[in-house]
Amino acid sequence: IGITTSTDPDQRAVLQVRGAIDLQTRERLSTAGRTALEGRPTALVLDLDEISFIDSTGIGTLIELGHDADDAGSSLVIRNPSRRVMRILEMTGLDDAWRIETDEDS
């Protein structure tokens, strides 16, 4: 998994995530997300355009980060979910739990 962290003009922490979100990589994503939330951003944005695989552990990690964002007074935003990620979010009903953004929304 590759993770690049930045801040957008709206003071949102943006994590650009590449690769797979699964049992082997979940801790890196969790740590990166929690570290980004320490800065009290207005939102934690996970850009998932380059996710090639996500399993139930990965979905659990997104749910945990959503709770962490809520606890920090922030929100979780999913940006550019890959087709695979979007399909799983829809199947689990999580597409209604968080804001979903695409580059076309900008």
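Are E101 and R12 buried or exposed? Both E101 and R12 are buried, where buried means under 20% relative accessible area, exposed means over 50%, and partly exposed covers what lies in between, computed with a 1.4 Å probe and protein chains only.

Before I go on, a word on the model. It is a predicted one, in which local features need pLDDT of at least 70 and side-chain atom pairs count only at pLDDT 80 or more, while totals for chains, interfaces and linings use all residues. Residues are numbered from 1 along each chain as its sequence is written, and side-chain values use heavy atoms, with hydrogens and water left out.

Let me stay with the charged pairs. In general terms, side chains of opposite charge can pair when their charged atoms come close. The structure holds 9 salt bridges, a salt bridge being a side-chain nitrogen of Lys or Arg within 4 Å of a carboxyl oxygen of Asp or Glu. One of them joins the side chains of R79 and D8, at 3.9 Å from N to O, and this pair links distant parts of the chain, since R79 is in strand β4 and D8 is in the loop between β1 (2-7) and β2 (13-21), 71 residues apart. Helices (H or I, at least four residues) and strands (E, at least two) are DSSP runs here, numbered from the N terminus. R79 counts as buried at 16% relative accessibility, and D8 counts as buried at 13%.

The side chains of E101 and R12, with which I opened, meet in a salt bridge of 2.8 Å, N to O. That pair also links distant parts of the chain, with E101 in strand β5 and R12 in the loop between β1 and β2, 89 residues apart. Beyond the separate pairs, D8, R12, R79, R99 and E101 are linked in a network of salt bridges.

E64 is partly exposed, with a relative accessible area of 30%, whereas R26 counts as buried at 17% relative accessibility. Helix α2 (residues 56-71) also contains G60, which is partly exposed at 24%; G60 and L23 are 37 residues apart in sequence and 10.0 Å apart in space, C-alpha to C-alpha.

Now to the strands. How is β4 covered on its faces? Both faces of strand β4 (residues 76-79) are covered, with L76 and I78 buried on one side and V77 and R79 buried on the other. Strand β3 (residues 44-54) pairs with β4 in the parallel sense over 4 bridges, where two strands pair if DSSP finds at least two bridges between them. Within that pairing, L76 in β4 is the bridge partner of L44.

In strand β5 we find I100, which counts as partly exposed at 23% relative accessibility, and its C-alpha atom is separated by 19 Å from that of L29, 71 residues away along the chain. D103 lies in the segment after β5 (99-101).

That residue brings me to the surface, where D49, E50, D103 and E104 gather in a patch of negative charge. Such patches are made of residues with over 30% relative accessible area and no salt bridge, like charges being joined within 9 Å and nonpolar side chains (Val, Leu, Ile, Met, Phe, Trp, Tyr) within 5 Å.

Methods: Accessible areas come from the Shrake-Rupley method with a 1.4 Å probe; for residues, only the protein chains shown count as cover. Lys and Arg count as positive and Asp and Glu as negative; His and the chain ends are not counted. The place of a charge is taken as NZ of Lys, CZ of Arg, CG of Asp or CD of Glu.
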